[in-house]
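Thanks for coming. I will go through one structure today, starting with its rings and then turning to its helices.

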Amino acid sequence: MFKKILKNQLIAGSLVLFVGTMFANFASYLYHLLMGRMLGPVGYGELESVISVLYLLVIIATSLILVIAKFVADLKGKGNLPGVSFLFSYFTRQLILFGGLLLLLLVIISPLLASFLHLDSTLPLILASFSFFITLLLALNRGVLQGLMKFKELAVISICENGLKVIIAVILVFLGFWVKGAVSAWFLAGFITYVFALFLLKEVRRLSPQKPDFNKKKFVNFALPVLLVNLSFTSLYTTDIILVKHFFSPHEAGLYAALTILGKIVFFASSPISMVMFPMVVDHHARGRDYRHLLFVSLVLVFLICLGIEVVFFLFPKLMVFLLFGKDFLAAVPLVGWMGIFLSIYSLSYLFANFFLSLERTKSVFFPIIASLGQIILIYFFHNSLFQVIQVSILTSGLLLLSLMLYYRYDKTKASLGHHSRL
C-alpha cells in the first residue's frame, strides 16, 4: 500500500515539494521571527507593509509561473524540448525589457506609496522594486521547472532563496541597516538563486532553440485571466495588511502583521498540492484522460493539512505566538485561530481556482475578483477592531469558496450533458 501511494505522481510530487517547501517555509518563518524580534512591533509593522506592496507586485511573477508552466507542460507532452528552449530564451529577453520599464515606474511613484504607508523613507520601497525585478526573472525559471515536472529542483530553489534571505537579513539588520537591510535581503537572495536556477536549467539552455507552434494571442488570452486570479488571491492576504497599517496604530499593525504570518503557515503548507496538481491536470486533459480525481485527492490533502494546523492554532495559540515572535506580540493570541480559519478557506479556494485555470475555464476569474474587491470595501467601512477585519476576510473567502464549488458543479454537469449529446 505504501509503495502504491508513493508511485502516485500527484502524491509523490506533492510529497517532494511539501518536504522542500517545509524547509523553505521554516527559513521564511525564521526570517519573520528574527525580524520581528530584532525590529520590534513598530519596525516589523513597517517591514510587513513594504513586503505587502512587494507581494502585490509579485502577482505578475506568480502569474507568469502558471502561464509558462502550462505551455511548457504542453510542449513536454508533445516531446518538443527545443520548443521549451525557445520559449525560455524569448521570454528572458522580453522580461528584462518589461521588468526594467516597470522598475523605473515604481521608483518614480515610491514617494506616493511611502506617504500612504506613513514611511519615513522611500528607500525600502525602492529596494522592494529591485527585488521585484529579479523575482520576475526567477519566475520564468520556476515556470519552466514546474512545467517539466522537476519538483525536486523547484524545492531546492525555494530552500536556497529563503535560506539566503534569513542569513543576509540578520547580517544587515545587525549591522544597523534595520528595515532597509531586511528588504535588501530579498533582492540579494533572489539574485543568487536566479544564477543557481540557470545552472539547474542548463540542459534546456544548451538545446538548439526551435520556434514551436506558439500563438501569442492564445498566450495573452490565458495570461490575462491568470494575472487577474493571482491579483485577486494575493490581494486577499495583502491589502488587509496595507489597510490595517493605514487605519490602525503602528503597534496594532505590527500585531496584525504577526497574525498574518502565523496564518500563512496554513497556505504555505498546502500550496505544494496546487503546484503539483496544475501541470498534471494540464497533461491529463491534453491526453484525453480523466483528471477530476486529481482535484478530489488534492482537496482531501489540503483539507487534512488545514485541519491539522487549525487544531494546533486553537489548542496552543499562546505558545505559537511566543515561540515565533516573543512576549511583545502576546496581545495577538486570541485571534490566531480565527486567522487560521481565514487562510484555510483561502487555501481551498486557491486550489479550485488553479484547477479551473489548468482547464482554461477562464470565466471562473470573476469570483476571486469580486471577493477581493468586496474585502477591500468591507474593511474600509468596517475596521473597528482587528477581529472585525479578520471577520470580513472570513466572510469574503467563505463566499468565494462556495461560489467556486457551485461553479465546479455547474461545469461538471455541463460537461456531462455535452458528452451525452455527442453520444
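How many aromatic pairs does the structure hold? It holds 23. Here rings of Phe, Tyr and Trp (its six-membered ring) pair if their centres lie within 6.5 Å, and planes under 30 degrees apart count as stacked, over 60 as edge-to-face and the rest as tilted.

Before the details, the ground rules. This is a predicted model, where local features need pLDDT of at least 70 and side-chain atom pairs count only at pLDDT 80 or more, while totals for chains, interfaces and linings use all residues. Residues are numbered from 1 along each chain as its sequence is written, and side-chain values use heavy atoms, with hydrogens and water left out.

Take one of the pairs. Tyr31 and Trp186 are edge-to-face, at 6.1 Å centre to centre with 85° between the planes. Tyr31 belongs to helix α2 (residues 9–57) and Trp186 to helix α7 (residues 178–200), so this pair ties together parts that are 155 residues apart in sequence.

Phe314 sits in helix α12 (residues 292–315) and Trp338 in helix α14 (residues 336–358), so the pair ties together parts 24 residues apart in sequence. Phe314, at 45% relative accessibility, counts as partly exposed, and Trp338 is partly exposed at 35%.

There is also an aromatic cluster, made of Phe352, Phe355, Phe356, Phe367, Tyr407, Tyr408 and Tyr410.

Next, charges over rings. The criterion is NZ of Lys or CZ of Arg within 6 Å of the ring centre and within 35 degrees of the ring normal. Tyr31 comes up again here, with the charged end of Lys165 over its ring, 5.9 Å from the centre. Lys70 lies over the face of Phe71, at 5.8 Å from the ring centre.

Now the helix packing. Two packed helices are described by the angle between their axes and the distance between the axes. Axes are lines fitted to C-alpha atoms, for helices over the stretch in contact, and angles run from 0 to 180 degrees between N-to-C directions. Angles under 35 degrees count as roughly parallel, over 145 as roughly antiparallel, 65 to 115 as roughly perpendicular and the rest as oblique.

Helix α3 (residues 59–77) packs on helix α4 (residues 81–116) at an angle of about 165°, with the axes 11 Å apart. α3 and α4 are therefore roughly antiparallel. Their crossing is right-handed; handedness is left if the near helix is turned anticlockwise from the far one by less than a right angle, and right if clockwise. On the α3 side the contact (heavy atoms within 4.5 Å) includes Ile60, Leu64, Ile68 and Phe71, and on the α4 side Leu87, Phe91 and Leu95 are among the residues involved. Leu87 is buried, with a relative accessible area of 5%. Leu87 and Phe381 are 294 residues apart in sequence and 46 Å apart in space, C-alpha to C-alpha.

Back to α12 and α14. Their axes come within 10 Å and cross at roughly 170°, which makes α12 roughly antiparallel to α14. The contact includes Phe313 and Phe314 of α12, and Trp338, Phe352 and Phe355 of α14.

Which way do α9 and α15 run, roughly parallel or roughly antiparallel? The axes of helix α9 (residues 216–236) and helix α15 (residues 366–381) come within 8 Å and cross at roughly 30°, so α9 is roughly parallel to α15. This crossing is left-handed. Among the residues that meet are Leu228, Val229 and Phe233 in α9, and Pro368, Ile369 and Ile376 in α15.

Helix α10 (residues 239–247) is mostly covered, with seven of its nine residues buried. Those are Thr239, Asp240, Ile241, Ile242, Leu243, Val244 and Lys245.

Last, backbone angles. Met149 has a positive phi near 60° in a residue other than glycine. Met149 lies in the loop between α5 (123–147) and α6 (151–174), and at 16% relative accessibility counts as buried. Trp178 has a positive phi too, near 50°. Trp178 lies in helix α7 and, at 45% relative accessibility, counts as partly exposed.

Notes
Helix = DSSP H or I, 4+ residues; strand = E, 2+ residues; numbered from the N terminus. Buried < 20%, exposed > 50% of the residue type's maximum accessible area, 1.4 Å probe, protein only.
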